[in-house]
Structures are given as structure tokens and as C-alpha cells.
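Subject: A structure for you, with notes

Hello,

I am passing a structure on to you, and my notes follow below it. Please have a look at it before you read on.

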Amino acid sequence: MKEITLRVFRYRPETEAEPTFQEYAVPLRDDWAVLDALNYVKEEIDPTLSYRWSCRMGICGSCGMTVNGDPKLSCGTFLVDHAPGPITVEPLRNFPVIRDLVIEMTDFMQKLGAVQPWIIRDESDDDPHTELLQTPSEMDDYKRYSMCINCMLCYSACPVYGLDSKFIGPAAIALAQRYNLDSRDEGQEERLDVLSDDEGVWGCTFVGECTRACPKGVDPAGAIQRAKLIAANEAVKAFLLPRWVR
Amino acid sequence: MTTGLWQRLHRQRVPLLWWTSRRTYLLFVLRELTSVAVVWFVVYLLLLVRAVGAGPGEYERFLDWSARPWMVAINALALALAVLHTITWFMVTPQAMVLKVRGHRVPGLVLAGALYVAWFAVSAVILLLVLS
Amino acid sequence: MSRDRTSAEPFLWLLFSAGGVVTALAVPVFLFLFGIAFPLGWLDPPSSAEIYTLLRNPLARLAVIVLCGLGLMHAAHRLRHTVRDGLQLQRHGTAIAAACYGTAAFVTAVAVVLVSML
């Protein structure tokens, strides 16, 4: 069996002050993704290696890593595509590292909550026995943004977030847009308070790397620019119209 | 109690010239630097306006000055950057803007096509005004 | 709207976007004519009298001022972010922004003076 070398980022805060790299030789199998190779390392070579994973099929969003410099889901990045190697595996960029390939994601979780990614609606006039119907075209308006799996690859790809972690970031804005554009939702104004902040949509310089990194085709960069247009419209209205008209 | 998590975290640093690390970042910075050509365009246009306002002699001097090789070189570079600005602007506009006509989303290619038609029309109008 | 604080960012972004559109449409043909085609003799430049008449037209004056003003605000916005992020000068963000937009406003004022002196 042919082998390929994994060059894995190691950080063990209880024993070392600075991270190091460790190399492991793993079988180069056609059907193995980087995640399979890491599981092989953990089971057969070195049980101390730490990393997150769950579903192995690109839907749980927990196995994001930097593979040969690119933010990737390690379950969807195949060894053969990087042969003959070595394959460098690092934690996602722009996040603090807890241990090895495990990053600290509290910041992202707080931002995700801040945009209230759920349907906000005054239901007092809704008939509880009737569904809220939606046409296919109304669903198309937001469907793309609903594909987000919170894997944080876009935050890892975004240089603006790397330079200033106060920026609310791609996925949170895309998810805010997912609900803003939903015909059943009435929460746009509430979310706008967060989005139209200087650390909200205005931090983005449209590098577009988030959209290139997204494994689910969400296009956060486009979502952010659309949110800018909405926020700018509201700002102009607020500036021109007297308070009682708004 | 052991050391708190926050003190043991390894902070990843962004390299100072981060935009040299990826081709796409480099293209992004080049796209943003096309604005230098826009600044040059404004300066050049204002020099022309000033020369025209100062009389026929000044205008002739402006034309002679603009024909110097290094001026042509600067303008060739500025033109290349300006065209890059136009192309990249038209590339990202359909991504940033969703136009709807009678409830249907206008496809990105159609929107981009309309922008190129507008570019051609504006260029033609300026060309006709200046040359006739 | 529950916000009390008015941010300048949405207005700066609108000016940036408007500037991006008008410069994308008009700058290449101008630079081609006055920077390449006339200097190299590919086309004959308008005579002094012709261009004077053209530029004195109120619509042309307005076009020059709009192109200069929006173009400069567009460039100021981009240069502000590129300098700040590209050189990691986040600490001086306010000063960089003031320098960029301030220069743009000043040169736009110069444009208004020059156009009104025609």
C-alpha cells in the first residue's frame, strides 16, 4: 500500500508553549479523506491527537481545518487530490487554538446568536390551524443562504475578520439575510440594529474569499453586499424622513 | 485549579503582508488599487479643464505635454487599471445586487450584459461629443 | 428605527458605489482619448474653441463635477480600507479615513472652482 505524509499542527498547552508540527505516514487510499487519515492516526499511531468531527458527510460542519493552506471540511478533502504530499493540516485560521486542531468558537457562537437566526413574527393574527404558505419563488429568495452549516470556513478565509475580530463576519450576516428574505419573517428591523453597526456589514471590503471557501455554495459575500444596500436605504430614509413617518 | 482556558489558548497571527499569501487576496488588492487610476483620471481631467479655461495657448501646451512618452506610459497604465476596474465592477455587481422584474429575478448574466451595453453607450456618447 | 446614533458608513458606501458605477462607465474612454489616442495621433483632438464650447455646456460642467466628486469618494473609500487592512494600521483607522475623505472633499472643491472659472 502506498503511503502519504500528513504534517499535522500540534499544540499541547500543558507541555509546550508554542505549537509544533508532527508527521505521520498514513495509507494513501483512493476513498480516504483527510478526516479518515486523522482517524487512522488517532486509532493506530497516536491517540493524543485532538480534532473535531462528527458526521463524515459534509453536513455537521465540525471538521473544518486548514488543509495545505486552504480552509476545508476535512471529510470532503481527499488524500489523492493532494498526492504525493505531504499534506499540511492546521486548525482553522483566525480562531484561537485550544489544542491541536481544535479551535475556540465562542466568538462565532455569540455573533450567530446576535443576528437572531430564526423566524421573528407577530403570530397573534395567525390562524394556528393554517400553514404559512410560500411560493417557490419566495423560497428561492433565501434558500441558498439556508444551506449554511456553521462550519466557520468563511471566517477562516476572511482577512477582515482575521484583522479585526469585532467584525460580525460572513456566516452570521448570510444567516441574517436568510431570515430577512423569508416572506414569513418580520424581524428585519431588529436584525438591522446589529447588521448596520460599523462592526456589522460596513466592515466588509468584498474580498469575496468567504464565498470561494464555502463548501455549501451559500455566497456570504453576495449576502453581505445585499444587506449593505438594505442598511444604506434605511439610513437614507432615517436621515430624510421625520421620525413620525418611519 | 489549573490555568484558565483563555490564558492557554494559542493566538494565530495574521502576517503583516497577508495579501501576498494567496493569489485571490493579491487580485483583491489589485482590484482595490485600480482606484489609484481613478484618482489619476480626476487629476488629469482637472488639468485639462484648467488648460481649456486658461485659453488656446494653455490647451496646446496641455496636448504637447500629454504626448510626452512618459505621460503616454502613465496613461496606458491608468487605462489598463481603469478597464480592470470596469470589468471587476461589472463582475461583482450581479453578486451584490438582485434585480427583480415582475417577481422574477433577473439572471446575473443578463444584468452583466446590460452593464456592458451601458458602458458601450456611455463611451460612444463621450466619443461623439468630443470628436464632433 | 431604534438606533439613535447615526453612522456615516452607509452614506460613504453609497457614494463609493455610485462612484464605482460612473467611473466604470466613463473613465476608460476618457483615458483612451486624451491619454492615448490624441497624444499618439490616432485621432485628431478637438480644437481649443470646440472643447471650450463643449465644457461650458451646463450639463458638461455638471458631469465633470459629478465624475470628480463621486470618483474621488470611490477612490478614497477603497484606499482607506486597503491602506488600513493591507498595512495593518487598524489603530489609525480614524486618521486614515479622515485623510482619505478629506482629500477627496478638498479636490472636489478644487474641481468646482475650476469648472466655474470656465
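How far apart do the C-alpha centres of domain 1 of chain A and domain 2 of chain A lie? They lie 30 Å apart.

Before the rest, a word on how to read this. The model is predicted, so local features need pLDDT of at least 70 and side-chain atom pairs count only at pLDDT 80 or more, while totals for chains, interfaces and linings use all residues. Residues are numbered from 1 along each chain as its sequence is written, and chains are lettered from A and ligands numbered from 1 in the order in which they are written.

Chain A

The two domains of chain A cover 3–103 (domain 1) and 106–240 (domain 2); such bounds come from an automatic or database domain assignment. Where they touch, domain 1 of chain A gives twelve residues and domain 2 of chain A gives twelve residues. Here two residues are in contact if their C-beta atoms, placed from the backbone, lie within 7 Å. On the domain 1 side, strand S3 (64–67) and strand S4 (70–73) of chain A are the elements that give two or more residues. Helices (H or I, at least four residues) and strands (E, at least two) are DSSP runs, numbered from the N terminus. That side of domain 1 of chain A has five nonpolar, six polar and one charged residues. For these classes, Ala, Val, Leu, Ile, Met, Phe, Trp, Tyr, Cys and Pro count as nonpolar, Asp, Glu, Lys and Arg as charged, and the others, Gly among them, as polar.

Chain C on its own

Chain C has four helices and zero strands. Its radius of gyration, taken over C-alpha atoms, is 18 Å, well over the 13 Å that the globule rule (2.2 Å times the number of residues to the power 0.38) gives for 118 residues, so chain C is more spread out than a compact globule. The C-alpha atoms of chain C fill a box of roughly 55 × 30 × 25 Å along the principal axes.

The unreviewed UniProt entry places "transmembrane region" at residues 12–38, 58–76 and 96–117 of chain C; such annotations may be inferred rather than shown by experiment. Residues 12–38 of chain C are 96% helix and 0% strand, with end C-alpha atoms 35 Å apart. For residues 96–117 of chain C, the end C-alpha atoms lie 32 Å apart, and the span is 95% helix and 0% strand.

Enjoy exploring!

Best wishes
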